[in-house]
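Let's take a friendly walk through a protein model, one piece at a time. Keep the picture beside you as you read.

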Amino acid sequence: MANDIEKRTPSTLARFRPNTDILEREDGFHIFMDMPGVGKDGLSIDLRENELEVRGRAVYPREENAKALHVEFGDGEYVRTFTISDGVDREGIRASLKKGLLELFLPKAARFKPRRIEIQAG
Amino acid sequence: MVIDFSTYYDLPSSMDSFFEELWRPSAISQRRMAYPPVNISEDEENIIVASEIPGMDTEDIDLTLNEKSLTIKGSKKNEVGNYYRQERPTGNFQRIINLNIPVQVDAVRASMKDGVLRVVLPKAKECRPVTIAIDEQ
C-alpha cells in the first residue's frame with residue numbers, strides 16, 4: 001500500500017539508468033552499479049516476485065553562495081529493474097554499497113550450481 | 001541462460017531511456033561527454049571542483065595541481081568473471097581542469113564521499129575582491 005502511494009507521488013528528480021555490469025562467477029551472479037552520491041539512506045532494493053528493483057537517490061548539498069560555472073552532473077535518482085529467474089537463491093541475495101558503487105550478489109540456487117559428476121568404475 | 005535479464009530486450013524501457021536523453025535538463029549539457037563528469041563552481045573565496053568517480057579507492061586517484069590546472073587521473077579495473085553486460089567504464093581516465101586564476105596551493109583540500117570527489121581550491125588573496133574605503137577630504 002505504501003508503495004502505491006509512493007508511485008503516485010511525482011518524482012521531481014531526474015531519473016537515470018545507472019551504468020551496470022553483470023557478471024557470473026562460480027558462486028553466482030554479481031551486479032555492479034555505479035551510483036555516485038548515493039548513501040545508505042538514499043538506497044532501496046525491493047524484490048517483488050521476479051522483479052528486483054534498485055533505486056538510489058543522489059542529492060547533493062547546495063553550495064551556499066556559490067555560483068555554478070560548469071555542470072556535468074547533478075541531483076538525480078538512479079532506477080533500474082532486473083528480472084530474476086528461478087536459478088537464483090532469493091534468500092541469499094546480498095547487497096553492499098561502498099564508495100558510490102553498489103554490489104549485488106545473487107547466489108545460484110543449489111541445484112543450478114556446477115557440480116562434478118563422479119564416474120563409477122564398473 | 002540462468003538469468004533472463006529483462007533489460008536486454010525490454011523495448012518500453014529502451015524507449016524511456018531514449019526520451020530521457022531528449023528531455024535531459026539542459027543544465028546538464030555535457031553529461032557522458034567525458035569521464036569522469038566534473039562540476040565546477042566558485043564562491044568569493046574558493047573554487048570548488050566536484051567529480052563523480054564511483055567505486056574507486058582514494059589511493060587509486062591521482063590528483064595533481066599545476067600552476068594553471070588541476071588534473072584528475074586514475075585507472076579503473078575490470079571485475080573478474082564472465083561478463084553478461086558491461087556498461088561501467090574501465091581503463092585509464094584523465095581530466096584536466098583549467099584554473100583561470102591563481103590558487104593558494106598549500107591550502108587546497110580534497111575529500112571523497114559516496115564516490116564523489118570534492119576539491120576546494122582557495123583563491124589566492126590577490127584575486128579576491130577588496131573593498132576600498134574612500135577618505136572624505
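Predicted model: local features only at pLDDT ≥ 70, side-chain atom pairs only at ≥ 80, totals over all residues.

A:Ile31 has A:Leu104 as its bridge partner in E9(A). The two strands involved are E3(A) and strand E9 (residues 101–107) of chain A, which run antiparallel and are joined by 7 bridges.

Residues are numbered from 1 along each chain as its sequence is written, and chains are lettered from A and ligands numbered from 1 in the order in which they are written.

**Around E9(A)**

E9(A) also pairs with strand E8 (residues 94–98) of chain A, in the antiparallel sense and over 5 bridges. Within this pair, A:Ser96 stands opposite A:Glu103, and A:Arg94 stands opposite A:Phe105. The hairpin of E8(A) and E9(A) has 2 residues between the strands, and A:Lys99 takes a positive phi near 50 degrees there.

Which strands make up the open sheet of 5 strands? In order they are E8(A)-E9(A)-E3(A)-E2(A)-E5(B), with antiparallel pairing. Its edge strands, each pairing on one side only, are E8 of chain A and strand E5 (82–86) of chain B. From one strand to the next, the twist averages 15 degrees; axes are lines fitted to C-alpha atoms, for helices over the stretch in contact, and angles run from 0 to 180 degrees between N-to-C directions.

**Pairings at a glance**

| Strands | Bridges | Direction |
|---|---|---|
| E3(A) and E9(A) | 7 bridges | antiparallel |
| E8(A) and E9(A) | 5 bridges | antiparallel |
| E6(A) and E1(B) | 3 bridges | antiparallel |
| E4(B) and E6(B) | 8 bridges | antiparallel |

**Chain A as a whole**

Chain A has 1 helix and 9 strands, and along the sequence they follow the pattern α-β-β-β-β-β-β-β-β-β. The radius of gyration of chain A, taken over C-alpha atoms, is 19 Å, well over the 14 Å that the globule rule (2.2 Å times the number of residues to the power 0.38) gives for 122 residues, so chain A is more spread out than a compact globule. Along its principal axes, the C-alpha trace of chain A spans about 85 × 35 × 20 Å.

How much of chain A counts as buried? The share is 29% of its 122 residues. A residue is buried if 20 or more other C-beta atoms lie within 10 Å of its own, exposed if 12 or fewer, and partly exposed in between, with C-beta atoms placed from the backbone. A:Val59, in the loop between strand E5 (51–58) and E6 of chain A, is partly exposed, with 14 other C-beta atoms within 10 Å.

**The nonpolar cores**

A nonpolar core is a set of buried Ala, Val, Leu, Ile, Met, Phe, Trp, Tyr and Cys residues joined through C-beta atoms within 7 Å. The largest one has 20 residues, and A:Ile31 is among those with the most contacts inside it, as are A:Met33 and A:Leu102. E3, E5, E7 and E9 of chain A each give two or more residues to this core. A second, separate core of 13 residues includes B:Ile40 and B:Leu70. In soluble globular proteins, nonpolar side chains tend to be buried together.

**Where the chains meet**

Two residues are in contact if their C-beta atoms, placed from the backbone, lie within 7 Å. The contact between the chains takes 41 residues from chain A and 37 residues from chain B. On the chain A side, E2(A) gives the most, with 6 residues. That side divides into 18 nonpolar, 12 polar and 11 charged residues, where Ala, Val, Leu, Ile, Met, Phe, Trp, Tyr, Cys and Pro count as nonpolar, Asp, Glu, Lys and Arg as charged, and the others, Gly among them, as polar. In the pairing of E6(A) with strand E1 (residues 38–42) of chain B, A:Lys67 has B:Glu42 as its bridge partner.

Terms used
Helix = DSSP H or I, 4+ residues; strand = E, 2+ residues; numbered from the N terminus. Pairing = 2+ DSSP bridges.
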